[in-house]
Amino acid sequence: MSEPCLLVERRGAVAALTLNRPDRINAFTPELLTAIADALDAAEADPTVRAVLVTGAGRGFCSGQDIGQIATLPPEERDVSRILERFYEPVVRRMRASALPIVAAVNGVAAGAGANFALLADIVVAARSAQFVEAFVRIGLVPDVAGTWTLPRLVGEARARAMCLLGEPVGAEQAEAWGLIWKAVDDDRLAEEAFGVAERLAAQPAHALALVKQAFAASAGNDLDAQLHVERRLQTEAAASEDHAEGVRAFIGKRPPVWAPRRPQ
């Protein structure tokens, strides 16, 4: 029996998802994208999961869409619009809407859809040998998987345009310097560092993290006054929570806080 295209492992309060098509540098297929969406749904529904970690098996994170696999599909299933709407867009929306903090550990190349998928995570840690490549132009395509939405917000329009128009690799250290990712680490420390970040997130108050994610999601389309309103509303909700009360008690008592169980969304 063949190995599953996505490996899902529980490591304490962290759900670890490993793209598992190493012979194809973990290239996306409809099966893999469906498995990712299902795994994110399962993590969201499980109150004992407090963070998600995503990485790739083998020598690379993800090389994007498996072009060869697409060619094997029946003609009626090769429609680009259908593939994006049915398989990619649900994953994008789940990644951005999840109340759970998501960490991407990028090993090796993250190209095309694979790069933009990684950048949907809340925190991206990359091996120093990793490269981010907006490779779409090399095969006459335009960036998708929210790349044209995410990139300008991360690195500004000038760098985003150059990445997409030139299709040149951006190394992990350059990506860190630009603010494209959180951190570049030595290759042999990637797994430990990324899991450590996920563990630290899992140890934070889950409700507060979910509200922080809501605030950042809203900021993309808000002016200052609208965002101040969002912050006031979310802060009011946070201040009324048991986690805030426990945080204050722990601060006064000079002890570690004991956060409430996560409530599935």
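Student: What is the volume of the second largest pocket?

Tutor: About 580 Å³. Keep in mind that this is a predicted model.

Student: What makes it a pocket and not a cavity?

Tutor: A pocket is an open set of points, whereas in a cavity the probe fits but cannot get out. The second largest pocket is lined by 21 residues. Gln65, Ile67, Phe136, Ile139 and Leu141 lie nearest its centre.

Student: Which helix gives the largest share of that lining?

Tutor: Helix H3, with four residues. Helix H2 (67-71) also supplies at least two residues of the lining of the second largest pocket.

Student: How many residues of that lining are nonpolar?

Tutor: The lining of the second largest pocket has 14 nonpolar, four polar and three charged residues. Ile and Phe count as nonpolar.

Student: What about the largest pocket? Which residues are closest to its centre?

Tutor: The largest pocket has a volume of about 680 Å³. Of its 24 lining residues, Arg96, Ala121, Asp122, Leu154 and Phe216 are the closest to the centre. Helix H9 (206-219) gives the most to this lining, with six residues. The lining divides into 17 nonpolar, three polar and four charged residues.

Student: How many cavities of 30 Å³ or more does the search find?

Tutor: One, in the whole structure. Among the residues that line it are Arg50, Pro101 and Arg262. By class, its lining has five nonpolar, no polar and two charged residues. Arg counts as charged.

Student: Why are the buried residues of H5 said to line one face of the helix?

Tutor: The buried residues of helix H5 (residues 147-155) are Gly147, Thr150, Leu151 and Val155. Seen down the axis of H5, they fall within an arc of 95°, so they line one face. Buried means under 20% relative accessible area. What covers these residues includes helix H4 (113-118), helix H6 (157-166) and helix H7 (172-178).

Student: What makes S5 and S8 edge strands?

Tutor: The open sheet has three strands, in the order S5-S7-S8, with mixed pairing. Strand S5 (109-111) and strand S8 (170-171) each pair on one side only.

Student: How do you know that S5 and S7 pair?

Tutor: Two strands pair if there are at least two bridges between them. S5 and strand S7 (residues 131-133) have three bridges, so they count as paired, in the parallel sense. Ala110 stands opposite Phe132 in S7.

Methods. Residues numbered from 1 in each chain as written. Predicted model: local features only at pLDDT ≥ 70, side-chain atom pairs only at ≥ 80, totals over all residues. Heavy atoms only, no water. Buried < 20%, exposed > 50% of the residue type's maximum accessible area, 1.4 Å probe, protein only. Arc of directions from axis to C-beta. Contact = heavy atoms within 4.5 Å. 1 Å grid on protein atoms, 1.4 Å probe; cavity = no way out; pocket = protein on both sides within 12 Å on 5 of 7 lines; lining within 4 Å. Points joined across faces, edges and corners; volume = space filled by probe spheres on them.
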